[in-house]
Amino acid sequence: MALPVIVIFDVGKTNKKVLLYDEQYMLLEEESIQLAETVDEDGFPTENINELRQWIKQELSEILTRDDIYVKAINFSGYGASFAYIDKTGRTIAPLYNYLKPYPEYLKKRFYDQYGGESKIAKETASPVLGSLNSGMQLYRLKYEQPQVYQHLKYALHLPQYLSFIVSGKPATDVSSVGCHTNLWDFQKHSYHKWVYAEELYRKFAPLHHGDKITTAWIGRNRIRTGIGLHDSSAALIPYLAVFREPFILLSTGTWNISLNPFNHKELTYEELKQDCLCYLTYEGRPVKASRFFAGYEHGQHMKRLGDHFNKAKDYHESIQFNDLFFTNTGSLKERVLQTPFHEIDLNEFQTYEEAYHWMMRGIVKQQAESTDLVLRDTKVKRIFVDGGFGRNLIYMNLLAKAFPSIEVYAATIPQASALGAALAIHRSWNKNPLPSNLVELQYYTNTEMNFSI
């Protein structure tokens, strides 16, 4: 008898994955691929949208020919801040521009001068000024730099919704993609910002829906429930919201460490925006205050320097056990480490790689605590869940517990949280079973018996 499954396509900038879950949300299969980038008309690296489209169609075609499974639903999660531009026939008419592409200063200045200044727009849209990472600015740029392309544009679809469009042929706009530092959404008025109407960009967006919206895709003789896709950061939050009712912060770690507080509903202040805070929208349209810290990147830079100095492999730190003795009975020199950027510290001051790594991580956790506190303060949060690579780092986790002595700190394990979130978002549309209670595996870290402060 064929096993009922949901298929999830989870598209990151590096890895593209297709995953199969059963009705108990057990991960049955996972396949990952990396697609070579192409370049846009300026020679800047960008997603090869044609290869991505072909890969999705091929994978889905192969899955639907199998006799051992029965596909009941499909959904998608993907990185945000990039648009697929389609004409009235559904054909893409421009590259999927890279959100890291530099933004022209003259156009940025014209925009903010016309619509009230950087601080005003940033506060109203909960979007720090980030150039191309504000995806609405990409569409604004297309309008003025490529008017002929813009004229033939039917819809600008954020990548997760374009993935859905590939399968269903039905264009849609999802609130979680619109609400991720796009400059498009007015968080006070709960609608597109007035500049979007003034520029008539709203005409280039497909109908707006919550992330639990379902369409129907006909693939051969198969009629399959199909989600409209979700922004991956918002999707990763869904399993935690499904399991936990008490207020928490999800600290999603990787290249960026993003502290997400879905229980902080206070309006962003100018000061928070200056410190790289922003807001997301959940798939149901509720605001999530977030702060960011470039921790993974910083960690990687330090690892290279430590490895070179102590002649250790780049992954040597993964074998290090936490030892708080490195932080006790130390002289003033070591205390100054916390007041100095680590890249400026003379590594000869440390006896071993292990000692240097502990002090390096203490500096990173100090910055992490400052970042997380921006969205934690004045809320009733009593738990922090750490998801991703740093959750497996014993030094990081023990120091984080020390940094927040009045809060329970857990390493949380959810294999492929974004993909699972995309499946859970449309649970009621494909799955009659109750949600399982074991979606999240937790490991508690205590700060007791550590005789030092972060």
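**View 1. Surroundings of Y140 in a predicted model.** Leaving aside neighbours within four places in sequence, Y140 is in contact (heavy atoms within 4.5 Å) with Y103, L107, R110, F111, Q114, W195, E199 and L201. The model is predicted, so local features need pLDDT of at least 70 and side-chain atom pairs count only at pLDDT 80 or more, while totals for chains, interfaces and linings use all residues. Residues are numbered from 1 along each chain as its sequence is written, and side-chain values use heavy atoms, with hydrogens and water left out. Y140 lies in helix α4; helices (H or I, at least four residues) and strands (E, at least two) are DSSP runs, numbered from the N terminus. With a relative accessible area of 0%, Y140 is buried. Here buried means under 20% relative accessible area, exposed over 50% and partly exposed in between, with a 1.4 Å probe and protein chains only.

**View 2. The aromatic pair of Y140 and W195.** Rings of Phe, Tyr and Trp (its six-membered ring) pair if their centres lie within 6.5 Å; planes under 30 degrees apart count as stacked, over 60 as edge-to-face and the rest as tilted. By this rule the structure has 35 aromatic pairs. One of them joins Y140 and W195 edge-to-face, at 6.0 Å centre to centre and with 85° between the planes. Since Y140 belongs to helix α4 and W195 to helix α8, the pair ties together parts that are 55 residues apart in sequence. Both Y140 and W195 are buried.

**View 3. The aromatic pair of W256 and F294.** The ring centres of W256 and F294 are 4.3 Å apart and their planes stand at 25°, so this pair is stacked. It links distant parts of the chain, 38 residues apart: W256 is in the loop between β16 (248–253) and β17 (257–261), and F294 in the loop between β19 (287–293) and α11 (295–310). W256 counts as partly exposed because its relative accessibility is 31%. F294 also counts as partly exposed, at 33% relative accessibility.

**View 4. An aromatic cluster.** F83, Y85, Y97, W185, Y192, Y197, Y202 and F205 form one aromatic cluster.

View 5. In helix α2 (residues 105–114), the buried residues are L107, K108, F111 and Y112. They lie on the same side of α2, because they cover an arc of only 120° around the axis; the arc is that of the directions from the helix axis to the C-beta atoms. An α-helix has 3.6 residues a turn, so residues three or four places apart point the same way. E105, K109 and D113 are exposed, on the face of α2 turned away from its buried side. The cover over the buried residues of α2 includes α3 (118–125), α4 (135–145) and α8 (194–198). Just after α2, G116 takes a positive phi of about 110°.

**View 6. H193 in its loop.** H193 is placed in the loop between β11 (191–192) and α8. It has a relative accessible area of 1% and is therefore buried. Not counting residues up to four places away in sequence, H193 touches I121, E124, T125, N183, L184, W185 and D186.

**View 7. The second largest pocket.** On a 1 Å grid over the protein atoms alone, a pocket is an open set of points with protein on both sides within 12 Å along at least five of seven lines, a cavity is a set where a 1.4 Å probe fits but cannot get out, and lining residues have an atom within 4 Å of a point. Grid points are joined across faces, edges and corners, and a volume is the space filled by probe spheres set on the points. The second largest pocket holds about 440 Å³ of space. Of its 19 lining residues, L241, A242, Y283, E284 and R286 lie nearest its centre. At least two lining residues each come from α9 (232–243), β19, α15 (417–425) and α16 (427–430), and α9 gives the largest share, three residues. The lining has 12 nonpolar, three polar and four charged residues; Ala, Val, Leu, Ile, Met, Phe, Trp, Tyr, Cys and Pro count as nonpolar, Asp, Glu, Lys and Arg as charged, and the others, Gly among them, as polar. In α15, nine of its nine residues are buried.

**View 8. The largest cavity.** The whole structure contains three cavities of 30 Å³ or more. The largest cavity has a volume of about 40 Å³. Its lining consists of K13, E37, T46, E47, Y79, S82, L96 and N98, by class two nonpolar, three polar and three charged residues.
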